[in-house]
Amino acid sequence: MNPTVKAFFDAATWTVSYVVYDQPGGHCALVDSVLDYDAKSGRTSTRSADALLAFVAQQSLTVQWILETHAHADHLSAAHYLRGKVGGKMAIGAAITQVQKVFKGIFHLEPAFQPDGRQFDHLLQDGEVFAIGKLQAQALSVPGHTPACMAFQVGDSVFVGDTLFMPDVGTARCDFPGGNAHHLYQSVRKLLSLPPDTRLFMCHDYPPPGRQPTWQCTVADQRAHNIHLHDGVTEAEFVSLRTRRDASLEMPALILPAVQVNIRAGALPPAEDNGVAYLKIPLNAL
């Protein structure tokens with residue numbers, strides 16, 4: 001059985017969130033949700049997440065899963081907020097613990113923060129099969145961008161996170177802590193070994209001039225046209241290209257607030273004794 005997919009594009013962060021469901025009145029998973037964040041004021045809002053909730057209500061869906069492909073560096077997750085509204089299990093790849101350990105040190109987080117994944121309801125293993133109502137889904141480990149990246153295969157569709165972008169944009173960067181261009185090459189080849197007509201859904205689109213944002217293509221499209229990793233590109237060629245490109249990139253605008261929140265499954269840091277929660281900016285650490 002193949003899923004029905006509803007995409008929601010957040011223009012502020014170029015992020016695409018998805019409602020993946022079996023049928024109206026059935027069950028769904030929410031993939032890579034966005035908690036709106038204004039960096040100038042430090043205020044959060046739930047406009048993007050509420051759009052998902054409105055669609056879930058319109059289709060009379062029961063939320064079973066709130067899935068994260070990885071701990072995003074470019075937007076804050078709304079997983080914690082969504083679970084509070086509609087339930088469901090928050091899930092991410094089991095290697096999130098590696099990411100948590102690194103960033104607990106970088107941000108010098110409170111002793112109560114345990115880098116063992118307990119902030120999520122379920123840690124997914126590579127190859128693990130789970131149900132979304134009548135749909136069968138499988139978690140696919142695709143490290144490289146981060147060590148914890150997971151793609152989710154549901155019927156004829158795969159939600160690839162940041163592992164791949166649209167063919168004219170290429171692939172994800174690998175210069176974050178734990179990133180590895182060799183691993184990314186192997187992860188992409190794993191995805192591109194799927195049947196040619198497999199639908200691939202991106203987590204982001206950064207369109208070149210003259211093209212509107214889009215987020216769906218096929219394995220065949222990627223194998224023929226991906227500017228970084230089309231068929232015929234060797235691992236050595238890709239690693240050289242990816243390393244040079246990463247050296248020229250600035251840090252994502254929201255990496256500092258995003259990672260602090262996302263390793264907590266979208267929960268804000270605990271409030272201090274004045275009732276206010278604070279995010280940290282480590283100076284000269286990244």
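Let's start with C149: at 2% relative accessibility, this cysteine counts as buried, where buried means under 20% relative accessible area, exposed over 50% and partly exposed in between, with a 1.4 Å probe and protein chains only. Please keep in mind that this is a predicted model, where local features need pLDDT of at least 70, side-chain atom pairs count only at pLDDT 80 or more, and totals for chains, interfaces and linings use all residues. Residues are numbered from 1 along each chain as its sequence is written, and side-chain values use heavy atoms, with hydrogens and water left out.

C149 is in no disulfide, and the nearest cysteine sulfur, in C174, lies 9.0 Å away. For C217, the closest cysteine sulfur belongs to C203 at 14 Å, too far for a bond. C217 is buried too, with 6% relative accessibility.

Now to another buried residue, A139. Its relative accessible area is 0%, and you'll find A139 in strand β10, residues 135-141. Strands are DSSP runs of E with at least two residues, helices are runs of H or I with at least four, and both are numbered from the N terminus. What does A139 touch, leaving aside neighbours within four places in sequence? Counting contact as heavy atoms within 4.5 Å, the partners of A139 include L124, F130, M150 and F152. S77, for orientation, is 62 residues from A139 in sequence and 19 Å away in space, C-alpha to C-alpha.

Eight of its eight residues are buried, so α7 is largely enclosed by the rest of the structure. Among the buried residues of α7 are I255, P257, Q260 and N262. The cover over them includes β4 (36-38) and α3 (96-107).

Last, a helix pair. The axes of α4 (residues 181-191) and α6 (residues 235-247) come within 9 Å and cross at roughly 125 degrees. Those axes are lines fitted to C-alpha atoms, for helices over the stretch in contact, with angles from 0 to 180 degrees between N-to-C directions. Angles under 35 degrees count as roughly parallel, over 145 as roughly antiparallel, 65 to 115 as roughly perpendicular and the rest as oblique; α4 and α6 are therefore oblique to each other. Which residues make the contact? From α4 they are A181, H182, L184, Y185 and Q186, and from α6 they are E235, F238, V239 and R242.

Methods. Disulfide = S-S within 2.5 Å.
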